[in-house]
Amino acid sequence: MNIILLGPPGAGKGTQARKLVEDRNMVQLSTGDMLRAARTSGTEMGKRVAEVMDRGDLVTDDIVIGLIREQLESDKAPGGYIFDGFPRTLAQADALGRLLDEMGESIDRVIEMQVDDDALVARITARSTCANCGEVYNDITKPIPSDGKCSKCGASDFQRRADDNEESLRTRLLAYYKQTSPLIGYYYAKGNLVSVDGLGSMEDVAASIAKALD
Ligand code: ADP
Ligand code: ZN
């Protein structure tokens, strides 16, 4: 089964994708993670995208489609793929359809995670992640343990994303509404869309997604 997690920044796509990887042996393909890896590797492409990402704008379709194509070729997934943060434009959605078609695969479900805008701002400005394993923390709902060590891997280095500030978040939200939200109608028309309430606890949201997949 191949699925897309669709929703605004801060909707919890990454968190739920990681859970699906653990529970269902699926492979997570996050263009956000791929682009952040490209930045730290210091490649020409990485340098070019860094500024765009920090501002909160979308990276060009060619770059992200290229990254996804490479991953689909190198990372086979018997349990299926979770597309997290991709596609974000109609051109990306068409390209993904073609890439999967060439592999004899298709998208089975598109999970739209609905969260209201005030909650997104609150979530994102409180967010940090473990630099070692990527576990996500939140100053209010899931603070870093008092011993300063990651509950998952024990590392003690935490980071805030450069684009997790209020100004860049506004730009990301605008990009979502202008460029990505048309995908809701696109996948509804294709008959793949399931909408879930993304506001509950991590477990509640996971249960809604599980129900949508079975
Ligand atoms: P979030 O969903 O929290 O905004 P992501 O990690 O998915 O975070 O993406 C971070 C940034 O990476 C985006 O703001 C954008 O600049 C870039 N990016 C990620 N995926 C795509 C994509 N599919 N198309 C264009 N830009 C992307
Ligand atoms: Zn960790």
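Let me start where α7 meets α8: Tyr176, Tyr177, Lys178, Gln179 and Thr180 in α7 touch Pro182, Leu183 and Ile184 in α8. Contact here means heavy atoms within 4.5 Å. Helices are DSSP runs of H or I with at least four residues, strands are runs of E with at least two, and both are numbered from the N terminus. By class, this contact has five nonpolar, two polar and one charged residues. Ala, Val, Leu, Ile, Met, Phe, Trp, Tyr, Cys and Pro count as nonpolar, Asp, Glu, Lys and Arg as charged, and the others, Gly among them, as polar. Helix α8 covers residues 182–190, and its axis comes within 6 Å of that of α7, crossing at roughly 35°. Axes are lines fitted to C-alpha atoms, for helices over the stretch in contact, with angles from 0 to 180 degrees between N-to-C directions.

Before I go on, the ground rules. This is a predicted model, in which local features need pLDDT of at least 70 and side-chain atom pairs count only at pLDDT 80 or more, while totals for chains, interfaces and linings use all residues. Residues are numbered from 1 along each chain as its sequence is written, chains are lettered from A and ligands numbered from 1 in the order in which they are written, and side-chain values use heavy atoms, with hydrogens and water left out.

The axes of α6 (residues 117–125) and α7 (residues 166–180) come within 11 Å and cross at roughly 135°. That makes α6 oblique to α7; angles under 35 degrees count as roughly parallel, over 145 as roughly antiparallel, 65 to 115 as roughly perpendicular and the rest as oblique. On the α6 side the contact residues are Asp117, Leu120, Val121, Ile124 and Thr125, and on the α7 side Glu166, Leu169, Arg170, Arg172, Leu173 and Tyr177. Their classes are six nonpolar, one polar and four charged.

The other pair is α2 (residues 31–40) and α3 (residues 44–55), with axes within 8 Å and a crossing of roughly 125°. So α2 is oblique to α3. This crossing is left-handed. Gly32, Leu35, Arg36, Ala38 and Arg39 of α2 meet Met45, Gly46, Val49, Ala50, Met53 and Asp54 of α3.

Now the ligand. Which residues come nearest to ligand 1? Of the 20 around it, they are Thr31, Arg36, Asp57, Gln92 and Arg172, where around means a heavy atom within 4 Å. For polar contacts, pairs of N or O atoms within 3.5 Å, a polar side-chain atom of Thr31 lies 2.8 Å from a ligand 1 nitrogen. The corresponding distance for Gln92, also to a nitrogen, is 2.9 Å. Arg127 places a polar side-chain atom 3.4 Å from an oxygen of ligand 1.

Last, the backbone. The Phe86 to Pro87 peptide bond is cis, with omega near -5°.

Terms used. Polar contact = N/O pair within 3.5 Å; in protein donor to acceptor, adjacent residues only side chain to side chain. Left-handed = near helix turned anticlockwise from the far one by under 90°.
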